[in-house]
Amino acid sequence: MNEYLSWREGLKEVEFPHWEDLPTFDLYMDQVVEYVNEILAPLNMPAVTSTMINNYVKQKVILAPVKKKYQTMQIADILIISLMKPVFSLEEIRAAIDQVTIGDYPKKAYNAFVDALMARLQGPVPVEFDPDNIDLQLMRDAANVVFHKMEAEKLLAIMRERNPIKEVPTKK
């Protein structure tokens, strides 16, 4: 379990940017891909490609770039989508972003999600359900789902390493 405990401790060192830490100038596609993948790498999340981002634009999951440049809101959306895509459909992710930002500015909602994610990476977060703040509960639940998916993948990798399944020869 040392490998698992080491992984858990490593998560405490991960830094995910708040809105104020995102680039304040517009980025071209290759810069967005590089920036997003750099942020996701410590979490061992799947890499983002320009094709994926183009599909997000075509499916209207994110706004189209302006003169081929992506702005802060689009970068924030791509980061959120990248975290959530392994466990939710693009439609569910977009719907959640839209719902949360109905009553809150995107900057504040994004920061609240980052805070929920960072708290979860630090360890279990005992939180009672607040029926007056379901937006925050949704973000906490989403952060928990992302964490638990990463945790399950890590545990499976450790198990496979410890007990590799030998291939059974097939008859020809």
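K60 is exposed, with a relative accessible area of 70%, where exposed means over 50%, buried under 20% and partly exposed in between, using a 1.4 Å probe and protein chains only. The place of K60 is the loop between α3 and β2 (69-70). Its phi is near 60°, a positive value in a residue other than glycine. Most residues other than glycine have a negative phi. N44 is another residue to look at here: its phi is near 55°, again positive in a residue that is not glycine. N44 sits in the loop between α2 (29-40) and α3 (50-58), and at 65% relative accessibility it counts as exposed.

A word on the source of these values: this is a predicted model, in which local features need pLDDT of at least 70 and side-chain atom pairs count only at pLDDT 80 or more, while totals for chains, interfaces and linings use all residues. Residues are numbered from 1 along each chain as its sequence is written, and side-chain values use heavy atoms, with hydrogens and water left out.

**Confidence and overall layout**

How confident is the predictor in the protein chain? The chain averages a pLDDT of 91, and 99% of the residues score at least 70; pLDDT is the predictor's confidence in each residue, on a scale from 0 to 100. Confidence is lowest in helix α5 (residues 90-102), with a mean of 90, and highest in α2, at 98.

The protein chain has seven helices and two strands. These are DSSP runs numbered from the N terminus, with helices being H or I of at least four residues and strands E of at least two. From the N terminus on, the order of elements is α-β-α-α-β-α-α-α-α. Along its principal axes, the C-alpha trace spans about 55 × 45 × 30 Å. Of the 172 residues in the protein chain, 38% are buried. Among contacts between residues at least 6 apart in sequence, 73% join residues at least 24 apart, where contact means heavy atoms within 4.5 Å.

**How the helices pack**

Axes are lines fitted to C-alpha atoms, for helices over the stretch in contact, and angles run from 0 to 180 degrees between N-to-C directions.

| Helix pair | Axis separation | Angle |
|---|---|---|
| α6 (residues 106-122) and α7 | within 9 Å | roughly 45° |
| α2 and α3 | 10 Å | about 110° |
| α1 (residues 2-11) and α7 | within 10 Å | roughly 150° |

For orientation, angles under 35 degrees count as roughly parallel, over 145 as roughly antiparallel, 65 to 115 as roughly perpendicular and the rest as oblique.

Let us take α2 and α3 to begin with. They are therefore roughly perpendicular to each other. Their contact is made by M29, V32 and V33 of α2 and S50, I53 and N54 of α3. These residues divide into four nonpolar, two polar and no charged; Ala, Val, Leu, Ile, Met, Phe, Trp, Tyr, Cys and Pro count as nonpolar, Asp, Glu, Lys and Arg as charged, and the others, Gly among them, as polar.

Next come α1 and α7, which are therefore roughly antiparallel to each other. Their crossing is right-handed, meaning that the near helix is turned clockwise from the far one by less than a right angle, with anticlockwise being left-handed. On the α1 side, E3, Y4, W7, R8 and L11 meet F147, M150, E151, K154, L155, I158 and E161 in α7. The residues of this contact divide into seven nonpolar, no polar and five charged.

The crossing of α6 and α7 is right-handed. Its contact residues include A109, F113, A116 and R120 of α6, together with R140, A143, F147 and M150 of α7.

**Two residues up close**

R140 lies in helix α7 (residues 134-162). Is R140 buried, exposed or partly exposed? With a relative accessible area of 27%, R140 is partly exposed. Not counting residues up to four places away in sequence, R140 touches A116, V127 and E128. The C-alpha atoms of R140 and F113 are separated by 7.2 Å, although the two residues are 27 apart along the chain.

T72 belongs to helix α4 (residues 72-84). T72 is buried, at a relative accessible area of 17%. Leaving aside neighbours within four places in sequence, T72 is in contact with W19, L22, P23 and T24.
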